[in-house]
Every structure is written in structure tokens, then in C-alpha cells.
Amino acid sequence: MDTHIFRGTLILFVATIFFTAVESQGYDYFDLEPAYLLSNNCPKECSCPPSFPRALYCENKGLKEVPPIPSRIWYLYLQNNEIEMLNEKQFSNATQLRWINLNKNKITSQSIEKNFFGAMKNVLYLFLEDNDLEEVPAPLPSSLEQLRLAKNKISKIPEGVFSNLENLTLLDLYQNKLTDGSFQADAFSGLKNLMQLNVAKNELKKMPAGLPSNTVQLYLDKNNIESIPDDYFNNVPRISFIRLNYNKLSDKGIPANVFNVTSLLDLQLSHNELATLPTVNGHLERLYLDHNKIKSK
């Protein structure tokens, strides 16, 4: 099954996200209007459950435009529609948004108004998966904690687009059209708290340079990577999960001790061209090497 979230290593991570979201929807409602006023203030295309007065559910409605968003809304669900355009006028009242889900629409890079996302000061989670973006939107809110851009057509990362995202913990660029030339040497320099980086199923031939120092989970499956620079993981002391399945790694492309990292717990190198076992640290808990050229002695 082709998926960009791998359950085995992400259970704790996903659980944390879920409970954070649930908890955040359960407080700070005391200043809201009575339920009958909330329902009158709900766009006809959407639903506004009284039990979640900060949420606006407009998914799976065949919408081509963003409906009027009440000012009280924190959680906006617009996935699985046919929305093409995003502009400031549509969101003029939505100054408190924390969570925006725009997955599976028809949004292009050209159809996003200039500085549209940059003007949002409170957004923590931004979902733009499965659209038609050709580059990472810029600028982005400095408040962001998660940015999910999987399954687009992204081949360009604008210079400095991540430089102000110190709060970002998850960056998902799975299944795009990223090449080695898409990343400048300092592309990740502003991501001081990034823990998970997913660049699987792209068109990389080299390991991305300048990994954020707090990276814990790195996903690079299904690229065309042939080698790993010596001491590549020396500046990421917390790295625990590395997935490099379905690449073109051979013995000559792996330096002797590149995976001899004390923090590493899970290393996946299946479907490559290895003929010998790589050197690993004694702390490693899981090593995946199936579908290589390794022969048992």
C-alpha cells in the first residue's frame, strides 16, 4: 500500500496530534453566542455542530468557492471540494483560524492571492494535500506547527520560505516533483524545531543538504538516491527513524560509519542494491534490508 504516513513509527506522533486537536476544541467557548445564534450564523453550504462551536464543516460539498466564514471559527474543514481560488476577501472575518484543511481541491500556485497565508497570524495546522501546487506557498504564517503539502506538483521551494517557521514540527512534501535543484543549501535553516521531514516519492538523486538539527524522523523512500555523504547525520543528534526504501543505494554509496548513530532506532533500507550489511550502532532496534543483493553466508 502506497502511503506517506507509516503507521509503525508514527503511532505516538499521530496520537499526540489527535489529542492536542481534541483538547483544543474543548475550551475557550464561554465567550460565544447562544446556540441558536450560532446556527443562524452558519453558511448554508456547511454544518456548525453546537458541540463544536469553533468548527466549520464544509467538506464533500462540491464547493467551487470558499463560503463566508464566521469570525468565531478556529477549525475550518474544506477538503474534498472543487475550490480553485484563495483570496483575502474570502477570509476577511476569519481572523482566529488555527486549523485549515484544504486537501483535495483544485488550488494552483497562481490561484493563491499574494501574501494570503502570510497574513494569517494564528494558524497552526495547514493542510493543502492533493492539489495542483507547483511551488511551496510563500510567505507562510510564522505560527505554523504543521505544513502538509503531499501529492501536489511542487518542484520549486522559494528562497527563504521556511526561514521564519521556527515553530514548525512537521513538514510533509511527499509525492511531489522535487529534484536536487529544488533545495538551496540553506533551505531548512529556519526550521529550528522540525521533528519530521517527509520528502518521499520525489525525484531526488542526492540526500537533501542542511537537515534541521532537531530532526527525529526522515522519510526519503522512493527517490533515486545513490549515495549518502560521509558524516551526514552528525549534525542531527536526535535522528531516530530513517526510511530510505526503494532507492539506488549500493555499498560504495554508503560510508563505513554513516549509520553508526547512537540515537538511531529504526533504519529501513529495503529495495536497494546493497551487497553487504551496513555498520550500525548497538542501540538500533529495527533494521530492514529485504530485497537487496545481500547473500547469506
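Predicted model: local features only at pLDDT ≥ 70, side-chain atom pairs only at ≥ 80, totals over all residues.
Which residue forms a salt bridge with aspartate 132, and how many Å apart are the closest N and O atoms?

Residues are numbered from 1 along each chain as its sequence is written, and side-chain values use heavy atoms, with hydrogens and water left out.

I begin with the sheet. Helices (H or I, at least four residues) and strands (E, at least two) are DSSP runs, numbered from the N terminus. Two strands are taken to pair if DSSP finds at least two bridges between them. On that basis there is an open sheet of 11 strands with parallel pairing, in the order E1-E2-E3-E4-E5-E6-E7-E8-E9-E10-E11. At its edges stand strand E1 (55–57) and strand E11 (286–288), each of which pairs on one side only. On average, neighbouring strands of this sheet are turned by 5 degrees against each other, direction ignored; the axes behind this value are lines fitted to C-alpha atoms, for helices over the stretch in contact, and angles run from 0 to 180 degrees between N-to-C directions. As one example of the pairing, strand E2 (residues 75–77) and strand E3 (residues 99–101) are joined in the parallel sense over three bridges. There, leucine 76 stands opposite isoleucine 100 in E3.

Next, the disulfides. A disulfide is a covalent bond between the sulfur atoms of two cysteines; the criterion here is a pair of cysteine sulfur atoms within 2.5 Å. The structure holds two of them, and with bonded cysteines counted along the chain, their pattern is 1-3, 2-4. One links cysteine 42 to cysteine 48, with the sulfur atoms 2.1 Å apart. This link is right-handed, with 85 degrees about the S-S bond. Both cysteine 42 and cysteine 48 are buried, where buried means under 20% relative accessible area, exposed over 50%, and partly exposed in between (1.4 Å probe, protein chains only).

The other disulfide joins cysteine 46 and cysteine 58, whose sulfur atoms are 2.1 Å apart. It is right-handed as well, with 105 degrees about the S-S bond. Cysteine 46 lies in the loop between helix H2 (35–40) and E1, and cysteine 58 in the loop between E1 and E2, so the pair ties together parts that are 12 residues apart in sequence. Cysteine 46 and cysteine 58 are both buried.

I turn to the salt bridges, each a side-chain nitrogen of Lys or Arg within 4 Å of a carboxyl oxygen of Asp or Glu. By this rule there are five. To answer the opening question, the partner of aspartate 132 is lysine 153, with the closest N and O atoms 3.7 Å apart. Aspartate 132 lies in the loop between strand E4 (125–127) and strand E5 (146–148), and lysine 153 in the loop between E5 and strand E6 (170–172), so the pair ties together parts that are 21 residues apart in sequence. Aspartate 132 is partly exposed at 26% relative accessible area, and lysine 153 is partly exposed at 39%.

Finally, aspartate 266 and arginine 286 meet in a salt bridge at 2.8 Å, N to O. Aspartate 266 belongs to strand E10 (residues 266–268) and arginine 286 to strand E11, 20 residues apart. Aspartate 266 is buried at 2% relative accessibility, whereas arginine 286 is partly exposed at 32%. Salt bridges that share partners join Asp266, Glu285 and Arg286 into one network.
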